[in-house]
Amino acid sequence: MHFGGAFWQTFKGFQFSSHSFDQLFTNENTTLSDVLDDENVIQEMKNQNSKLYDFLNPQRIVELIQLITVFPPEDADHKRGHKHPFIASEIFSCESQHIFDQFFADDKMLLIEFFKFLKDDYINTTLAGYFSKFAISLVHHNPSFVIGFIEEHGYLQEIASKVWSKSIADLALKILTLEDLDSNFCIEPRTKLLNMVISNFSSSNPLSNYFSAEILCELVLRYNEKNSWRELMILLASSDNIKLIIDAATSSDISQVTSGIRVLKAIISSASCDFLLRVNRGSNEDDSRVIQEETEEISDFCKQVIDSLTLLVRKLERPTSYFDSCVKNTTIKILGDDRIKIVEFLHICMKIGIKAFELKIVSTNAIPSIINLFFDFDMNSIYHTLVEQVINSILILKGDNDCLLQALLNSDLIDKIILNPQLKGYSGHVIRIANLLNKSQYAQDVVRSKLSKDGRWAEFTRNYLEKRNEVEARKLGENKKIETPNDDKRNMISNYLQGLSLHPQKKPEEDDKDNKDDLFDRDDDENLLAKDEEPEAEIITSSKPTEFTIEDTVKSEDNNLEDVGEELKLSDLDKPEETPEKSQEVKHEKPEEKYEPVVEEKSQKAEENVEEKVQEKVEENVEERFEENKFEEDTKKEVEVKIAEDSFNDNHPVDNDCDYWRFGPN
């Protein structure tokens with residue numbers, strides 16, 4: 001039996017060790033490979049096996065380090081290449097105090113051997129994962145000792161230059177986000193590492209740019225009053241470092257552009273970094289005077305970012321590149337990830353509430369550029385969704401006198417919506433934007449004035465937008481008639497462009513006949529048909545108005561075939577010739593005698609079918625009610641028998657005690 005985990009580490013000596021595993025150490029010729037081949041080695045390491053601890057001396061720990069830091073030779077077997085490095089990494093992950101004590105020894109021999117891995121130019125990703133996993137554990141258990149060693153031996157530069165590896169980037173992030181009560185804990189090596197990571201934005205390696213931006217964005221989000229976080233943020237927003245980031249964001253390399261904009265976006269959008277955007281005024285100033293000021297004082301960081309907006313907008317207007325598609329020998333326009341990131345950044349600048357950003361965005365004509373790209377790239381749904389969010393923010397958050405709203409209305413957005421070709425990938429987004437404009441005109445006077453002056457907008461809303469909204473409002477499978485101007489072949493194309501039906505819809509009578517399951521609706525239709533046809537027959541056969549009563553209706557239903565036969569004998573064949581007036585009257589009587597029984601038979605059959613269906617439903621409900629009542633009566637009898645068996649004492653519950661009826665006596 002074996003027990004592992006942190007719980008048993010507090011009861012050293014009480015674990016049950018494997019007898020076969022202990023037998024390995026009785027042989028003096030036992031090697032590290034023999035121990036790693038045993039299936040119980042990891043469990044015994046967690047159990048703090050004393051014999052295993054004695055076996056793992058500094059020389060054998062060096063062998064374990066080489067397994068996870070040295071690439072195996074070409075002629076290595078499976079154990080050296082795969083099995084033993086993995087087991088060695090798991091042994092280090094057990095966080096044994098015996099191993100930590102030897103790593104934190106004064107001679108630092110094991111640390112030197114371990115961190116030699118960073119001096120190699122080529123780093124295997126698997127070995128980098130093993131190295132980073134244990135290095136982070138060392139930093140966590142003794143941060144001052146390990147970070148001091150890393151700074152002393154110059155490994156900070158090696159870590160910063162190899163952040164293109166995700167594992168090494170995790171180690172750099174661990175060092176920058178140390179948690180300690182001391183606010184200036186290891187501040188010098190951490191600031192050095194931060195400057196080195198920022199300098200990676202001038203690199204041409206896309207992975208280095210990406211993970212450098214990932215480290216900085218994660219550092220911004222991990223807001224903490226401890227660990228000198230504020231000092232690191234001030235260093236990040238310093239003039240020299242922000243210049244490096246802005247240069248990367250405005251360069252021609254797409255990886256540098258996206259990485260630089262990610263960092264700027266993270267700083268501006270973070271509420272904890274607000275002190276980097278606005279200048280904090282002293283507490284002795286008059287608050288009323290500050291509130292009355294129209295322009296707020298912004299920081300140098302904000303001024304640098306605002307100056308860079310002109311270059312960012314120019315990148316939106318750069319020439320579009322194409323690539324050849326294998327489908328029908330066509331070329332496809334490439335929007336680029338850099339343009340999407342720039343529009344996302346401009347959207348954040350619009351929402352932070354700093355007037356200087358808004359004025360700069362308007363002066364650079366950023367909004368017309370964003371709108372033009374929306375209609376130029378008709379199949380890029382990611383960009384369409386982003387532009388819809390930008391327009392929504394402007395229409396909802398901004399007032400009548402806002403410069404962004406004026407710039408949006410002065411652009412050619414409304415003209416392009418009215419002239420929408422309707423068969424584009426952005427057609428659905430155009431409908432949503434048009435609906436946003438219609439809704440905002442009730443709250444924004446400037447929007448209402450702009451739309452009311454353009455007579456084309458009312459025509460567009462009536463002829464296209466309302467019909468599209470009606471189509472969009474239909475539920476899936478709903479057979480609802482959508483009226484179209486004409487259903488002929490000439491208008492099929494125009495109907496298709498408007499998203500309407502190409503073929504005429506079925507009539508309601510045909511739909512009812514196709515629905516075979518709805519029997520009651522069909523019977524009701526027959527009753528209505530019979531009732532509609534009866535008055536027509538009576539008008540034809542009778543020359544005088546007739547008053548109907550309930551008794552007449554009952555008598556007409558009781559007529560049988562014999563009475564009808566007697567009436568048929570009084571035909572004009574048995575009578576002599578009469579005047580034209582009488583013969584005309586007789587001709588009108590014949591349809592009455594032949595038509596009236598057919599109508600009565602139809603009405604009788606329809607009523608009989610309805611009565612049968614109703615009777616069946618009633619019988620089913622009666623049977624269900626009978627079974628439910630029978631079950632309740634049986635249950636009540638069982639409870640009464642149970643009560644009769646129990647002695648009625650003072651502790652017996654009252655009759656209406658719900659707990660007693662549900663759970664019985666205690």
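**Ground rules.** I am working on a predicted model, where local features need pLDDT of at least 70, side-chain atom pairs count only at pLDDT 80 or more, and totals for chains, interfaces and linings use all residues. Residues are numbered from 1 along each chain as its sequence is written, and side-chain values use heavy atoms, with hydrogens and water left out.

**Overview.** I see 36 helices and two strands in the protein; these are DSSP runs numbered from the N terminus (helices H or I, at least four residues; strands E, at least two). Of the 666 residues, 36% count as buried (under 20% relative accessible area, with exposed over 50% and partly exposed in between; 1.4 Å probe, protein chains only). Among contacts with a separation of 6 or more, 67% come from residues 24 or more positions apart.

**The α10/α11 pair.** I checked the axes of α10 (residues 125-141) and α11 (residues 143-152): they come within 5 Å and cross at roughly 120°. That makes α10 oblique to α11. Axes are lines fitted to C-alpha atoms, for helices over the stretch in contact, and angles run from 0 to 180 degrees between N-to-C directions. Under 35 degrees is roughly parallel, over 145 roughly antiparallel, 65 to 115 roughly perpendicular, and the rest oblique.

**The buried side of α11.** I list Pro143, Val146, Ile147, Phe149 and Ile150 as its buried residues. They cover an arc of only 155° around the axis, so they sit on the same side of α11; the arc is that of the directions from the helix axis to the C-beta atoms. These residues pack against α9 (109-115), α10, α12 (155-161), α13 (166-176) and α14 (187-198). Just after α11, Gly154 has a positive phi of about 75°.

**Core.** The largest nonpolar core has 153 residues, and those touching the most other members include Phe103, Phe114 and Phe115. Such a core is a set of buried Ala, Val, Leu, Ile, Met, Phe, Trp, Tyr and Cys residues joined through side-chain atoms within 4.5 Å. Leaving out residues up to four places away in sequence, I found Phe114 touching, among others, Phe103, Phe131 and Leu138.

**Positive phi.** I noted Glu95, with phi near 55°, in the loop between α7 (78-93) and α8 (97-103). Glu95 is partly exposed, at 42% relative accessibility. Asn365 has phi near 60° and lies between α22 (355-363) and α23 (366-376) in a loop.

Technical notes. Contact means heavy atoms within 4.5 Å.
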